[in-house]
Amino acid sequence: MVNRKVLETLEYTKVRARLTEKATSDPGRRLCAELEPMTETAQIEEAQTQTADALTMLFQKGSTSFGGNKDLTMALRSLEIGSTLSASELLKVAGQLENVNRIKAYGRKQRENTERDGEESGDYQASSLAGHFERLEPLTQLSAEIGRCILSEEEIADDASVNLKHIRRNIAVTGERIHSHLLSMVNGSCRSYLQDAVITMRDNRYCIPVKAEYKSQVPGMVHDQSSTGSTFFIEPTAVVELNNKLKELAAAEKEEIEVILADLSSQVAEHTEEILENQKIMTFLDFTFAKAALALEQNATRPVFNREHAIHIRKGRHPLLHPKKVVPIDIYLGRDFDQLIITGPNTGGKTVSLKTVGLFTLMGQAGLHIPALDRSELSVFQDVFADIGDEQSIEQSLSTFSSHMTRIVSILKHADQDSLCLFDELCAGTDPTEGAALAIAILERLHNRKIRTMATTHYSELKVYALTTPEVENACCEFNVETLSPTYRLLIGIPGKSNAFAISRKLGLSDEIIEEAGKQLSSDDRSFEDLLADLEQSRVTIERERLEIASYKEEIGTLKKRLQEKNEKIDSARDRILREANEEARDILQNAKDVADETIRVFQKAGPGASLKDLEKSREKIRGKINEKNDKLVIKSQPKEKSGRLTADKIKKGDTVKILSMGMTGTVTSLPDHKGNVFVQCGVIRSQVNINDLVYAKEKEAEEKKPVLQRTRTGTSGIKMSKSLSVSGEINLLGKTVDEALPELDKYLDDAYLAHLPSVRVVHGKGTGALRNAVQNHLKRVKYVKSYRLGEYGEGDAGVTIVTFKD
């Protein structure tokens, strides 16, 4: 798809080198080193899914190693022609199978956990890697047999075969007999004939060192002589037969070992295809988990691919820059406009922005996640062209301009609608007037062919071209004139302003020289620079107002939520009161029945001759019980509002009133209609209320009852703006150490709780997990934290913790 020159220009090869370092086996590293971008959407999506599933496994189960994965292709192919594997090669096969067994268990455990979680949630979906784990064949019997027979590359176990065990027992017995006989000679009859009282070996046969003058006294075979000639190494005749037997046994042992190796090799040959398939799957899994490990290191996410050749990168970070120093950028291209012209000062980040777009495209199409926020969008391009960097060619006698133009000519020849073109300092290195004209003509050609294009430039003419051409947009890299340093923020929709005069004045150049330089500019140039200055000022103002509006919206949302919670509490209290009232009414009826029954029983018991005095006592007793019940049922009336009710002839617009039924204070905004209804503005809520439900409110009470947005902002004794306007619903701890992050988090939680925010987002990233664990351990100790959880898909996943406060 993309030529190797572009891969190097956009530094894709450096990213691939980092990927290679993440693999743990040689075959896996080779596969990583060969990774190139793809052009088929189905293949790209499949590769992205595999990377995402491997990343999920790393989060849930931790990392694993594929270091035991060896390339056994040549050894296994030699079995097809009848060769026998060596002990070393058989041990490699056994090690490979043991590693396969371990990886299969890793995948099986993961699958069991996933299925269990899926059953609980009811939406289980098998991992794209599950089939690869299932196809692994550990061949445990074969690996166990090899391990039983071969102890090391130099040692075969005695129990490898019955015959080998018998041969080695005979070797040991024969050796003991030889040693016993020679020891009797060394320590007995031949002691005086020997140079040293030791037993030695020559030509793999046991001998004794005899002095030259006693050579004839010790019958046997001479195998060697010392360099001085004073010692002869003689194999006594008595042990010749035993040595011969020992040599025969050694030959038999070697032959038996070859039989054992041949037998093991034949067993391996029966499973050649399974072993080769295992090797292929293990290499693929090592490669896939290397992609996941790189995504984990870069805190990367899966991009969303579209078919519109549109790019929308959210908070993208160049993967080769230091994560604590790089400034995230937002870039979009391909929907509202198909060309983006970036201007700004040198070292301001123009080239980095250009490379970020190209590199993310290549990484995404290679199945790699990109270091950006989730839901970042990419598209599949058949070709990516880049003219970046200064490459003079001495051999071809090409200048900087000529080398650039050579590449541009090639790009114009091969680019089409399925291409992405990137130009750094388009048509620089020549006369500015001619260079700008050429640049505009090239961009128009690409624009007419609907080719997605990004270009950086210093030419003012290209800023005008972008302003006046439909579907072409300006962008600039922000520059802080006060500090004389770039902010590295990319601002789309705003052309970059020349800061040469401002920078020169800041550095001490005299105003006279700067004024004289200004006179050299044409009126059109000055007008254009003034226009850019106005645009910049408008941008800053809009940005500030946008932040204020966002703060207001956040507070309104909080107030709305509180109102909903209050209504829910009122509904709940109403249901409880009605239930209790019904129960109390039932008790009253029951008590009344009991009193009536008791009264009847008393009078019936008294009879016709009863004493009036006794009947009166009984009646007083019953009356006392009734009065006691009545006292319990008395409901004390609520105090009436001191302020008088309003009438239609007294009320007027602007009056501050209190709505009795709602307990809210607001301002009258309309006169009563024929039914006596008026509109009352209570903060952001405008309600229609009958005047019978209104009373005048005291000024102090009205001020306190007003929503936060309407309270007085000026005066030292006035009520200040609510703190909730200045407290964000999110804190970003990315790039901070634990020691730096925890104090900042602690202060933020206090502010957010005092501002009555119901919940906040703590952005800590995924990384190694150290910051995430520290944040959650800290949250456990905060008394006013009700609960916390990791973010879900769309909220930031495991890179974000959602914190909910107590009421």
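Predicted model: local features only at pLDDT ≥ 70, side-chain atom pairs only at ≥ 80, totals over all residues.

Reader: Where in the chain is R772 found, and what is it in contact with?
Author: R772 is found in helix α22, which covers residues 770-780. Leaving aside its neighbours within four places in sequence, R772 is in contact with H764, G765, K766, L790 and A798.

Reader: Stepping back, how many helices and strands does the chain have?
Author: The secondary structure of the chain comes to 22 helices and 25 strands. The chain has 807 residues, of which 40% count as buried, and it exposes about 44900 Å², with carbon and sulfur atoms supplying 51% of that area.

Reader: And what share of the contacts joins residues at least 24 apart?
Author: If you take the contacts between residues at least 6 apart in sequence, 67% of them join residues at least 24 apart.

Reader: Which residues have the most contacts inside the largest nonpolar core?
Author: That core has 64 residues, and the ones with the most contacts inside it are F133, L285, F289, L340 and M454. Helix α11, residues 272-298, gives the most to this core, with 10 residues. There is also a second, separate core of 25 residues, which includes L79, L97, I146 and A160.

Reader: What does L340 touch?
Author: Not counting residues up to four places away in sequence, L340 touches I331, Y332, L333, T453, M454, A455, E473, N474, A475 and I492.

Reader: Changing topic, how many disulfides does the structure hold?
Author: The structure holds zero disulfides.

Reader: Then what about C149 and C476, are they buried or exposed?
Author: C149 counts as buried because its relative accessibility is 2%, and C476 is buried as well, with a relative accessible area of 5%.

Reader: One last thing, about the backbone: what is the phi of L139, and where does that residue lie?
Author: Phi of L139 is near 50 degrees, a positive value in a residue other than glycine. L139 lies in the loop between α7 (130-135) and α8 (140-149), and at 17% relative accessibility it counts as buried. N299 is not a glycine either, and it has a positive phi of about 55 degrees; N299 is found in the loop between α11 and β7 (304-306).

Methods:
Residues numbered from 1 in each chain as written. Heavy atoms only, no water. Helix = DSSP H or I, 4+ residues; strand = E, 2+ residues; numbered from the N terminus. Buried < 20%, exposed > 50% of the residue type's maximum accessible area, 1.4 Å probe, protein only. Contact = heavy atoms within 4.5 Å. Areas by Shrake-Rupley, 256 points an atom, 1.4 Å probe, with all protein chains shown as cover. Core = buried A, V, L, I, M, F, W, Y, C linked by side-chain atoms within 4.5 Å. Disulfide = S-S within 2.5 Å.
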